[in-house]
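Dear colleague,

Please find the structure below.

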Amino acid sequence: MDKADAMREKATGLVGHAMGFLGVPYRRGGESAEGGFDCSGFVRAIYGQTVGLVLPRRAKEQAAATLVIDKKDLQPGDLVFFNTMRRAFSHVGIYVGDGKFIHAPRPGAQVRVENMAGRYWATRFDGARRVDAAEKAAE
């Protein structure tokens, strides 16, 4: 298996694992299925549990710690960022493919999949990032 195949397999596992948390309630500061997730806590937990990487806690920090990629280059497992609080990188989710992402949206909601082309998300899109496992492992 070449490096690209290995990365695809990891991404498929990561997305599949994330889908197992559909319906978990949002909780500000939350980092677990038992207590609920906020957006960055969800991303951090998924990456920690599936690939053993500890990402920073806040969405803005996660954006700064990952590789900038073009939206057209998005692959399952990449991170997508949005401006939902009138500040850059205030929300994060995991790209699942077909223009959709999984995330913990807001208080009163649950982890769910949404379409990035929907007006709300499309107008707030802040950028895409890729977690470079080799680079993170070396740090």
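A salt bridge is counted here where a side-chain nitrogen of Lys or Arg lies within 4 Å of a carboxyl oxygen of Asp or Glu. This is a predicted model, in which local features need pLDDT of at least 70, side-chain atom pairs count only at pLDDT 80 or more, and totals for chains, interfaces and linings use all residues. Residues are numbered from 1 along each chain as its sequence is written, and side-chain values use heavy atoms, with hydrogens and water left out.

The structure contains six salt bridges. One of them joins the side chains of Asp 78 and Arg 130, at 2.7 Å from N to O. This pair links distant parts of the chain, 52 residues apart: Asp 78 is in the loop between strand E3 (67-69) and strand E4 (79-82), and Arg 130 is in strand E8 (residues 125-130). Helices (H or I, at least four residues) and strands (E, at least two) are DSSP runs, numbered from the N terminus. Asp 78 is buried, at 4% relative accessible area, while Arg 130 is partly exposed at 22%. Buried means under 20% relative accessible area, exposed over 50%, and partly exposed in between (1.4 Å probe, protein chains only).

Glu 31 and Arg 57 also form a salt bridge, at 3.2 Å from N to O. Glu 31 lies in strand E1 (residues 31-32) and Arg 57 in the loop between helix H2 (39-51) and helix H3 (59-64), so the pair ties together parts that are 26 residues apart in sequence. Glu 31, Asp 38, Arg 44 and Arg 57 are linked in a network of salt bridges.

Yours sincerely
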